[in-house]
Amino acid sequence: MTDLATSDTVDLTDQTTRSASRPASSVALIGGPPPGAATLEARDACAWFGDHLVLEGVDLTMPAGKVTALIGPSGCGKSTFLRLLNRMHELIPGAALDGHILLDGEDIYENGRRAQQIRMRVGMVFQKPNPFPAMTIRENVLSGLKLARIKCDDKDGLVEESLSRASLWKEVRDRLDRPGGALSGGQQQRLCIARSLAVQPNVLLMDEPCSALDPTSTRRVEETIAELRDNVTVVIVTHNMQQAQRVSDRCAFFLAEENQPGFVVEQGTTHDMFSNPVDTRTLNYVQGRFG
Amino acid sequence: MTATLSSPPATRTPAARRPRRPRERTPADLWSVVGSAISALCLNWLIFYRFTDGASLFGFALCSYVTFLVLFTVVTRDRLGRLVAADRVMTVVVMSAGVIVMVPLLLLIGYILIEGVKALRITFFVRDQLGITPLMDSTAGGGAHAIVGTLEQVGLALLWSLPLGLAAAVFLNESRSKWRRPVRIFVDAMSGLPSIIAGLFIFATLILPFGHTGGLFGFNGFMASLALAITMLPTITRTVEVVLRLVPDGLREASLAMGASRARTVWSVVFPTARTGMTTAVVLGIARAVGETAPLLFTAFGYDLMNTNPFSGAQESLPLFVYRNIRKPDLSAIARGFAGALVLMLIVLALFAVARYLGRDRSKRRAASNRRRSAALSSAAASSAGASS
């Protein structure tokens, strides 16, 4: 079940795109993140909003080059945990945290470490597609370079590569100078993925990236994730059990009892989590009996 | 029950297709409006001008309007029922309110236009008031010195207030300082400041203590621009702040998530997104300043001759020109004042047009310039048209 390329998710026309974009990044960036996927590790991570403890004691390893899915009912802290991983949590007024998040063994919350540096290495795709409306498609893809002050000699190559990896290149190559907001919802989301990929991050966080998309777009995003896994560690929050099963190598099940902080009930390979979970709550959830 | 395939499109003749928009109104609706209006007018004419010897025109119009509304309500209720009647009557009331709001504006513009055109000649834009006596014709001389003064003073004022206003708006909207509330209160208080106080402030703090010898702190356009900047600042700040607040937070998050600093996010994401609104803010600020007379009274002071140097010597401006001329007893000067008012309105109009052009969608403009560029390239005279953008 861990093999993503099951016959119903792939059609023949996309095989060519896939094999063409298979090699890692051929475009060199100056001042960008170090190459390759990175391992993320959470040790006893806790999060507060004001006085309210929303996440308690999460220990979770997200191995390099693997897809980790975070599943669980709404309001159990999955998104909060995701935002802990690239220091977006601290942007919310009154937000606080405890514990350690290790990116390739280095604590990203260590004193003196700059959040911008971390966010450049750990990219993020949001639930709602949010391309920059004042920029064209091309500018959207390259926006990360400008925003994070990364230099690149072959911008055209980078645009093509990023859009290809997000399987959007074929659809937009003739209208790169059109505004990004003019695309359909699914295309916008893939544009956002391409934008995140252009800075060549080590980790890509996805917060329910398909919740606003139709089945066809969802399938394409899932294919994109499958293509990415060799070069990027992917952490994806999803409410869709089938999607978690299709795209992920490992799973973590989050749960929050009433008025209690969220925690990880169980984690393991996707196969184990779905076929023989240890905890009955996990079993009930993955079989759709609650949540 | 199985699904049916629809017949292939080829079997339908394309000529038979006509795009149409759904419409709810019928001709009878229009006729009931017209009919109610005519009967209301007739009824009131009978009352006002036959049975009595005619009250004021205003009373006639008001009574006719009320009668029309009543008649229209009754007719629509009879035809279509209460619910529709309420909707239609409200529609009519709202639409007529819109028309009524336009009336004073159009009257004002029309009056200035008619009065101003009488004295407005092309020489108005090139001559000043050199050698003009009260007995001369109103078309003699011109207001070039006032136009130059207005443009210089407002331009300088914009130069001072725009960076300050933008910075204040960014502070109010993008920072998390605890000083935001007091600053907002100060800005609000400033926008309620009578503009003559701004002029007095500059007069009392700069011109009185330092301006004895004239020069930079005497009566001049620079002092006027400072006073105008004070009046523009709150307008620009508040408008830009509102516009920045409209930029979705998702865009800021997306930018920060890619490793951008806050400053970089504001500059590269928030500003470009809010571009159109920010242009509007600037235009509103200019429009506020360009018509101000009071702050100029004891700063620019007013002058009848051309003075192109805003940093030395008293200077005229269009509002001052209007104010000073309309107060004069001779009719030719009053006519010249109206010409000045007309030119002032034209300048504001031109500024609005420029702002609309600059604030246009960036991608649209790029598409247009691309078209122009490709057209220029394909033509033989490609080299001369290179600077089209």
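Reply: A salt bridge here is a side-chain nitrogen of Lys or Arg within 4 Å of a carboxyl oxygen of Asp or Glu. By that rule, the interface of domain 1 of chain B and domain 2 of chain B has zero salt bridges. The model is predicted.

Start with the two parts. In chain B, domain 1 covers 26–116 and domain 2 covers 144–360. Their C-alpha centres lie 42 Å apart. Six residues of domain 1 of chain B are in contact with five residues of domain 2 of chain B. Between domain 1 and domain 2 of chain B, about 540 Å² is buried. Carbon and sulfur atoms give 86% of that area. Ile112(B), Glu115(B) and Gly116(B) supply 68% of what domain 1 of chain B buries against domain 2 of chain B.

The side of domain 1 of chain B that touches domain 2 of chain B holds four nonpolar residues, one polar and one charged.

Now the chain contact. 30 residues of chain A are in contact with 21 residues of chain B. The area buried between chain A and chain B is about 2,100 Å². Carbon and sulfur atoms give 60% of it. The count between these chains is one salt bridge. Arg83(A) and Glu253(B) form a salt bridge, with their closest N and O atoms 2.6 Å apart. Four residue pairs are in polar contact across the interface of chain A and chain B, both residues at pLDDT 80 or more.

Which elements of chain A take part? Helix 3 (115–121), strand 7 (122–125) and helix 4 (137–148) of chain A each supply at least two residues of the side that touches chain B. Helix 4 of chain A gives the most, with six residues. By class, the side of chain A that touches chain B has 16 nonpolar, seven polar and seven charged residues.

Chain A also has an open sheet. Four strands form it in the order 3-2-5-6, with antiparallel pairing. Strand 3 (52–62) and strand 6 (106–107) of chain A are at the edges with a single partner strand each, so one side of each has no neighbour in the sheet. Strand 5 (residues 95–103) and strand 6 of chain A pair over two bridges, in the antiparallel sense. Opposite Leu103(A) stands Glu106(A), in strand 6 of chain A.

How values were computed: Residues numbered from 1 in each chain as written. Chains lettered and ligands numbered in written order. Predicted model: local features only at pLDDT ≥ 70, side-chain atom pairs only at ≥ 80, totals over all residues. Heavy atoms only, no water. Domains from an automatic or database assignment. Contact = heavy atoms within 4.5 Å. Buried area = accessible area lost by both parts, 1.4 Å probe. Nonpolar A, V, L, I, M, F, W, Y, C, P; charged D, E, K, R; others polar. Pairing = 2+ DSSP bridges. Polar contact = N/O pair within 3.5 Å; in protein donor to acceptor, adjacent residues only side chain to side chain.
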